[in-house]
Amino acid sequence: MSGFFTAGRVYRRGRWTFQCLAVEAAPWDEQRRAVGFLTRDDGTGTVHGMTDTDWESWKDTEQPPTKS
């Protein structure tokens, strides 16, 4: 397991799933952010950004990568 979200990985917590698409430093403050799809079990979702603070509550929820 990494020390932050990893692009291409899926994280699940309760009814939420976060599929990480990219990790980059924000140009305005250089804080790293993970960007991806945040979805609920009912199929609704949005594009969402995660920070180091968010990582603390998601870090133990990484799922195995899905096979294409």
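Analyst: Let's start with a term you'll need: a residue is buried at under 20% relative accessible area, exposed at over 50%, and partly exposed in between (1.4 Å probe, protein chains only). Take arginine 32 here: with 34% relative accessibility, arginine 32 counts as partly exposed. Keep in mind that this is a predicted model, where local features need pLDDT of at least 70 and side-chain atom pairs count only at pLDDT 80 or more, while totals for chains, interfaces and linings use all residues. Residues are numbered from 1 along each chain as its sequence is written, and side-chain values use heavy atoms, with hydrogens and water left out.

User: Okay! How many salt bridges does the structure hold?

Analyst: A salt bridge is a side-chain nitrogen of Lys or Arg within 4 Å of a carboxyl oxygen of Asp or Glu. The structure holds five of them. One joins the side chains of arginine 32 and aspartate 52, at 2.8 Å from N to O. That pair links distant parts of the chain, 20 residues apart: arginine 32 sits in strand β3 (residues 32-40) and aspartate 52 in helix α1 (residues 52-58). Helices (H or I, at least four residues) and strands (E, at least two) are DSSP runs, numbered from the N terminus.

User: Is aspartate 52 buried, exposed or partly exposed?

Analyst: Aspartate 52 is partly exposed, because its relative accessibility is 30%. Now try another salt bridge, where the side chains of aspartate 42 and arginine 40 meet at 3.7 Å, N to O. Aspartate 42 is exposed, since its relative accessible area is 53%, whereas arginine 40 has 29% and counts as partly exposed. There's also a salt bridge between arginine 33 and aspartate 29, at 3.1 Å from N to O.

User: Let's go inside. Which residues make up the largest nonpolar core?

Analyst: A nonpolar core is a set of buried Ala, Val, Leu, Ile, Met, Phe, Trp, Tyr and Cys residues joined through side-chain atoms within 4.5 Å. The largest one has 10 residues: Phe4, Phe5, Tyr11, Phe18, Cys20, Ala34, Leu38, Met50, Trp55 and Trp58. At least two residues of this core come from each of β2, β3 and α1.

User: And where does phenylalanine 5 lie?

Analyst: Phenylalanine 5 lies in the segment before β1 (10-13), and it is buried because its relative accessible area is 4%. Contact means heavy atoms within 4.5 Å. Setting aside residues up to four places away in sequence, phenylalanine 5 touches several residues, including Tyr11, Phe18, Met50 and Trp58. With that exclusion too, phenylalanine 4 touches residues including Val23, Arg32 and Asp52.

User: One last residue, please. Which residues is threonine 61 in contact with, leaving aside its neighbours within four places in sequence?

Analyst: They are Val10, Tyr11, Arg12 and Arg13. Threonine 61 sits in the loop between α1 and β5 (62-63), and it is buried, as its relative accessible area is 13%. Look at its side chain as well: one of its polar atoms lies 2.6 Å from the backbone oxygen of tryptophan 58.

Terms used
Polar contact = N/O pair within 3.5 Å; in protein donor to acceptor, adjacent residues only side chain to side chain.
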